[in-house]
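Dear colleague,

I am handing over the structure we discussed, and my notes on it follow directly below. Please read them with the structure open beside you.

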Amino acid sequence: MDFWYTYIVLAEIYVLLGLSTNLLVGIVGIFSVSQAAVFGVGAYIVAAATMNDTLSFVPALLIASACGLALNVLVTLPSLRVSGDYFVVTSFGIQLLATAIFTNWTEGTGGANGLPGIPPPDIFGLAVTETRQFLVLSSVLLSLGCLAFWLAMRAPYGRLLRAIREDELAVAAAGKNILFAKVSAAALAGAFAGSAGGLYGSFLSFVDPSSFDLDASILLLTMVVVGGARTLTGSIIGPFVLLALPQLLALVDIPTTIAAASRQLIYGVLLIAFMLFRPQGLAGEKL
Amino acid sequence: MSAYLAVSGVNKSFGGLQALHDTNFEITKGKITCLVGPNGAGKTTIFNVITGFLPPDTGGVTFQGRSLDGLTRQQIVHQGIARTFQNLRLFIDLTALDNVLAAIPGQAGETPWGAIFRPFHTAAVQTRMREQAREILDHVGLADRANDYVRNLSYGEQKLLCVARVLATGAELLLLDEPASGMSAGALDNIMALMRRLQTEGKTLLVVEHNTRVVQRIADEVLFLHQGHLMAQGTADEITSDPELAKIYFGGAI
């Protein structure tokens with residue numbers, strides 16, 4: 001049973017992260033490949049704060065969320081100046097920079113060895129130690145995330161963001177503040193990614209740079225593409241499908257070294273196949 | 001009394017090309033002014049300068065006695081000037097209604113926190129805004145296309161939607177860039193009637209137009225622009241009957 005719970009909790013955390021990526025990449029059209037970096041910052045903040053008993057889980061998660069927000073605003077600021085292809089390269093650089101810091105700042109992040117022994121969340125004195133309990137926590141947070149995403153997208157704000165993706169000049173001609181809309185979308189996406197990171201670290205009780213590298217960012221984009229861009233349903237389906245893959249591979253009797261490689265291979269093939277044959281993903285709109 | 005909109009001494013160069021050369025003109029409130037001239041005369045550049053899409057090199061624009069110098073595109077719309085684009089620039093993946101809604105100013109729920117923390121207020125205001133957007137669509141004759149995606153509208157309908165979108169901003173001075181180009185005869189009558197109707201409702205229109213028949217039928221005043229400079233100003237008949245201007249227009253004299 002724990003096997004399933006673990007799968008669902010991880011998938012839920014990735015859905016929260018997927019919402020963030022979908023908001024930025026799918027809806028506003030800021031093609032960021034550095035969302036895993038923001039995810040990582042959230043994870044390390046909660047890990048460091050709760051390990052030293054500096055803070056308990058709830059305030060640590062709030063701080064992770066706030067830092068994700070601030071960081072994402074900073075990293076997406078170049079997108080307001082450079083557009084399209086140029087921004088992809090900029091955000092690629094930001095992702096590499098983040099990985100370098102995660103790997104080399106040994107005192108803060110434990111370097112390549114990571115940070116083991118992150119305590120389980122403690123919600124106002126109630127320790128969340130079992131996977132079952134964690135499932136409740138992640139489901140509650142994800143529901144809040146989905147509700148926020150849904151409310152924002154059905155409101156004029158969602159329409160404004162879609163309009164910006166289609167034609168920024170026309171939105172400007174209508175007298176709308178583009179800068180504000182983009183920055184606030186980045187902030188919202190950052191808050192989502194930061195809290196997803198915090199959950200991730202406390203759930204696994206261990207974080208290391210490999211979860212937050214460029215591969216992770218690409219995996220996130222694959223989730224959005226496979227699930228479907230710009231829709232809530234798509235953001236939910238993508239992570240559940242893609243995270244099921246390693247579980248399925250685990251059932252097949254192949255050596256672990258090959259399993260890891262074949263997983264990457266399958267992700268790659270899926271990404272290409274969806275782009276070519278079903279750009280709208282399983283439940284989304286064309287990217 | 002100062003002019004409603006005054007463009008004074010505007011120069012604008014792109015590299016070696018002088019698009020606007022000491023351009024001066026004024027337009028009167030409540031009138032339909034047509035801006036004519038051969039291709040490359042600087043008509044669209046004038047629109048870009050007035051609406052803040054391009055800063056002039058020298059000179060400036062005043063609207064109702066207030067200078068527009070240094071104002072952002074957004075602030076200029078809030079002053080009451082809105083424009084359409086020659087190449088439409090509609091949001092083709094949104095419905096006609098959403099295109100209009102996207103241009104209505106000051107809606108609740110246009111910020112993430114408004115949308116997330118005040119959902120009921122946002123929804124209530126949206127219901128009102130939708131009503132308002134429907135009225136605007138009805139006004140331009142697109143009421144039955146409200147829920148259709150823009151890509152499914154005909155070219156003529158898309159042009160009407162552009163007018164609906166500038167109306168949604170609530171601006172008083174509408175800058176229309178070739179609203180009648182490429183339209184069939186029937187659609188042409190429609191858009192001319194619409195422009196007249198907007199005028200009777202108190203809007204002032206500055207219209208770039210190539211079709212002399214349209215100009216003759218709608219223009220109260222015509223501005224003739226040539227090589228970025230105002231060559232003549234007068235009624236449609238005065239301008240169209242001037243042989244010198246006709247020569248320039250049809251490419252005779254340089």
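In this predicted model, helix α6 (residues 131-154) of chain A packs with helix α9 (residues 178-204) of chain A at an angle of about 175°, and their axes lie 12 Å apart. Angles over 145 degrees count as roughly antiparallel, and α6(A) and α9(A) are therefore described as roughly antiparallel to each other. On the side of α6(A), the contact is made by Thr131(A), Phe134(A), Leu137(A), Leu141(A), Gly145(A), Ala148(A), Phe149(A) and Ala152(A), while α9(A) contributes Leu188(A), Phe192(A), Leu199(A), Ser202(A) and Phe203(A). Sorted by class, this contact holds ten nonpolar residues and three polar ones, with no charged residues.

As for the chain around this pair, the secondary structure of chain A comes to twelve helices and four strands. The radius of gyration of chain A is 18 Å, which agrees with the value near 19 Å that a compact globule of 287 residues would have, and the C-alpha atoms fill a box of roughly 55 × 45 × 35 Å along the principal axes.

Of the 287 residues in chain A, 54% are buried. When contacts in chain A between residues at least 6 apart in sequence are considered, 77% of them join residues at least 24 apart. Chain A exposes about 12,100 Å², and carbon and sulfur atoms supply 69% of that area.

Definitions and conventions: Residues are numbered from 1 along each chain as its sequence is written. Chains are lettered from A and ligands numbered from 1 in the order in which they are written. This is a predicted model: local features need pLDDT of at least 70, side-chain atom pairs count only at pLDDT 80 or more; totals for chains, interfaces and linings use all residues. Side-chain values use heavy atoms; hydrogens and water are left out. Axes are lines fitted to C-alpha atoms, for helices over the stretch in contact, and angles run from 0 to 180 degrees between N-to-C directions. Helices (H or I, at least four residues) and strands (E, at least two) are DSSP runs, numbered from the N terminus. Angles under 35 degrees count as roughly parallel, over 145 as roughly antiparallel, 65 to 115 as roughly perpendicular and the rest as oblique. Contact means heavy atoms within 4.5 Å. Ala, Val, Leu, Ile, Met, Phe, Trp, Tyr, Cys and Pro count as nonpolar, Asp, Glu, Lys and Arg as charged, and the others, Gly among them, as polar. The radius of gyration is taken over C-alpha atoms; the globule rule is 2.2 Å times the number of residues to the power 0.38. Buried means under 20% relative accessible area, exposed over 50%, partly exposed in between (1.4 Å probe, protein chains only). Accessible areas come from the Shrake-Rupley method with a 1.4 Å probe; for residues, only the protein chains shown count as cover.
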